[in-house]
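I opened the sequence and the structure side by side and kept a notebook. The entries below are in the order in which I looked things up.

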Amino acid sequence: MDKELVQKALNTAKLKGASYADVRLVYNVTERIVVKNGQVEALKRDEDSGMGIRVIANGAWGFAATSRLTKDEIVKTAALAVRIAKASATLKKNDVILDSKEKTVGNYQTKLIKDPFLIPIEEKINLLIQVDDIMRKVKGVSLRESELSFTKKHQVFAASDDSYIEQIICYCGGVIVATAIKGGITGERSYPGMRGHYKTMGYEFIESLKFLDHAQRVAEEAVALTYARECPEIETTVICDGSMTAIQIHETIGHPSELDRVLGTEVSLAGKSHLTLDKLNKFRMGSEIVNITADATIEGGLGSFGYDDEGVPAQKTYLIKDGIFCGYLTSRETAVVIGQKSNGAMRADSWASIPLIRMTNINLLPGTWKLEDLIADTDEGIYLESAGSPSIDDMRLNYHISAEIGWLIKNGKKTEMVRRPSYSGISYEIWRNCDAICSEDHWEVWGVPNCGKGDPMQVMYVGHGAAPARFRNIKLGK
Amino acid sequence: MLDRNRVRELIKLSLKPIDMMEVGIYSHVRGTTRFANSVIHQNLSVEYPYFWTRIVIDTPRGKKIGGTSCTQLTIDDIRRTVARALEIAHNSTPDKRFVSLPKPEPHKGAKATKPVDIEEVTPEERARAVKKIVKVAQKYNLDVAGVIHTNVYSLGVANSLGIDQFGLNCDTYTTVTAMSKTSSGYSLAMARYFNKIDFEQLAEIACQKALLSQNPQEITPGKYTVLLEPHAVAEMISFLGWLEFGAKAFAEKRSIISKSLGQKITGSNITIYDDFNHPQVNTFPFDYEGVMRKKVTFIEKGVAKGVVFDSFYAHLLKKPNTGHALPAPNPHGPFPSTLILQPGNIPLAKMLGMIEKGILITRFWYTRVVDPDTTTITGLTRDGTFWVENGEIKYGIKNLRFTINIYEVLKNVLAISKETVLSGEFTQVVAPALLIKDFEFTGKTEY
């Protein structure tokens, strides 16, 4: 990566009047393979590179980015960033103040055993073709689809405080999906997790998913769903599998804990948050067994990294302790408002995007239950697997989450399969009604590769450590 | 911004004597100014070019296809990207279903149509527009947030069979959210040109909604008569675009329309079509395969009529290509470029007067599919929800969760406004306001 270009950008920004500048020079390569109904439907490799320059001038922010990595273009882009900041400054109340931070110099690289880009394409296609063939043999399956995707991001971050950080992060994941259509009813089943699972690992992660071992079950359950009755609309006890718990964390704890939302700077699109500043360290968000961390240091988590896009080292902090809301996800600018230092949550999805406060790995710490004991301990309820689509209001209170599949629980046993289950409620109520969490043996850091935020929309990789958990008095259905 | 000559030069350089090859260059210069708490807090300018190629190699067992893309447009980078695509295509497995990239259409005029005057907007101009918005909000002692996007695009597509298209375009998109301590109001404007946007008027609309909805009252979820303003209508209709109006869902028999062609699926007062020539929309006249767009009617007077196609699905289902390809490969298949819900003949101003008891809705939020088999979606109201009695807004109400079957809702449309508005987040929707009976709310929230 070109140190000279990076320095040129910083020097130009300073010369043009920036009091602070940082630069991200990013090179991304992505490979995506999709097999559908036995045919390779997509086989594509994308390279995406450029430089984003963020500055403070006249006490306000400006940002400009270019993919033309020549000295002349970088000078032009840095000057434009400063000009934009000066335009911002014509409508400010206060100067931007960042937390105090020592310069950071470092390197970070995803620990991987097998570089996915070195695995032959034929081998990867062959895996998906084999999966497809297993699903094809299950009578009643109408559509089969499987996908692998890999991204390697090489980024240099440098700032006018002499910080210089180089990171290489490898994102890896995949999904298999079977669909059965019978008489106007669609049964769809996927593996793993919430329609796919992703980590910062190498190809060894794909191997660990053992797609071939799950293909037949996935296809059979898709067919069975077309015969299952619709989930009843009742109030009952819900046991969420790990991936469902993960999406519950994402929507009802992760997003409302973003301090930029709380301070109103995302209100025009993503919305605000009910976790207002007066609730910090006071508000009961969950039952006493609910402990939530933001932890970017977990090896392999999809939201793991060495340093955020402001050069702040990855950290582990608590958002909820013993059920009490106790922390936000912060940036260098927002942390100052609550008298803290950034906990390293600022990330951009591209060289062409500005960093925003994003979830890292937001985790529900494990409890003590075995899943089979938890089901056996439940007289009546439902066990839900594989999160579908969530919907939640702009204050992150009223949520609705659907699952791919559910099994009614009666007298401590999983019984009848039901299709299109969903549940809804108020976000703090469900966590206050959480009375059991499964143990570390069931705990997994689930990857969400498509967390959206910002305007224009940025799509971010985030993770959620979660085990199956039980929630009482939940309203099923619409 | 890349001009026609530069795009042609790069495309010419890329095209190789291979069985079939497609090359495209999309370039986007985006200016964005976001404001919140009545100050500018995010302000940026980005030039994002995107070169892609798709290579098709003929084999006795089918076509092998490989694709690559890059954002570096140097000659070396493009050569390397093309070489990689060829390598990937060789390493792929044959696809028996793929027939051909599109060929030029026999009639002439299949070139990019009338040139568009391009308007580039400076950060200073965007900042001045925000100041106008803030000034209006300050008059009412309200806080204001929102965004101004100004975009310039170029798109060139060519293939080895003779397709050769280039177009330039620009647009602007502004939202305003005005806020009191207990309420909010919203307005949105989309246009080709920045100077066509009346920023003060936009701010005024958002502020009036925020003022009117202060101290909202709670109502019980259930079925109500609703007046959906155009932005709410646009969001609902755009879900039909995803679920129903593309050839992929049609070919896979997943959509209702795939089983109902020629049958009545909504009320007779509903007609929905795609037409890039509609005066309110603003898209390239050709798709990402370089095929000219055609007008497609999805629903006419309540009857299911058709869906949009790209070259792959046109060959697969032996139907005409309607020019609705997205960049290949993509998971959606062909996709409507515009959705136009035909207006009615009732002035919007009179529609409120038609409500004895009901709800006025400004917009929806976080709408998601619950059951694609029935086009059931759920979401929430936001930024201006009002209780209406005897034709008058009585007070603001707390936001509600709706869960509806879109086609069933479109059977219950009592009146359609004469006026339409350009809206839509992912696809452009020209929407009137709709007065609807028995619209179901299934939950409530706390504000």
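**Ground rules.** I am working with a predicted model, in which local features need pLDDT of at least 70 and side-chain atom pairs count only at pLDDT 80 or more, while totals for chains, interfaces and linings use all residues. Residues are numbered from 1 along each chain as its sequence is written, chains are lettered from A and ligands numbered from 1 in the order in which they are written, and side-chain values use heavy atoms, with hydrogens and water left out.

**The two chains.** I looked up the contact (heavy atoms within 4.5 Å) between the chains. On one side are 81 residues of chain B, and they are in contact with 77 residues of chain A. The size of an interface is often given as the accessible area lost when the parts come together. Buried area here is the accessible area (1.4 Å probe) that two parts lose on being put together, summed over both. For chain B and chain A I noted about 6,900 Å², with 47% of it from carbon and sulfur atoms. In chain B, the residues that lose the most area to chain A are Arg34(B), Tyr366(B) and Tyr447(B), and together they give 8% of what that side buries.

**Lys12(B).** I found Lys12(B) in helix α1 (residues 4–14) of chain B. Helices are DSSP runs of H or I with at least four residues, strands are runs of E with at least two, and both are numbered from the N terminus. Lys12(B) has 71%, so it counts as exposed. I also checked Lys12(B) against Tyr366(B): they are 354 residues apart along the chain, and their C-alpha atoms are separated by 44 Å.

**Two helices of chain A.** The expected span of a helix is 1.5 Å times one less than its number of residues. Helix α5 (residues 211–227) of chain A has 17 residues and should span 24 Å; its end C-alpha atoms are 25 Å apart, which agrees. Among the buried residues of α5(A) I listed Phe211(A), Val218(A) and Leu225(A). Why is α6(A) largely enclosed by the rest of the structure? Because 13 of its 13 residues are buried.

**Cis peptide bonds.** I noted a cis bond from Asp455(A) to Pro456(A), with omega near 5°. Pro456(A) lies in the loop between β22 (444–453) and β23 (458–466) of chain A. In chain B, a cis bond joins Ala328(B) and Pro329(B), with omega about -10°. Pro329(B) is in the loop between α7 (311–317) and β11 (338–341) of chain B.

**Positive phi.** Arg396(A) is not a glycine, yet its phi is positive, near 65°. I found Arg396(A) in the loop between β17 (380–392) and β18 (398–410) of chain A. Is Arg396(A) buried or exposed? Arg396(A) is buried, at 4% relative accessible area. Asn390(B) also has a positive phi, near 50°. Asn390(B) sits in the loop between β13 (376–389) and β14 (392–396) of chain B, and at 60% it counts as exposed.

Terms used:
Buried < 20%, exposed > 50% of the residue type's maximum accessible area, 1.4 Å probe, protein only.
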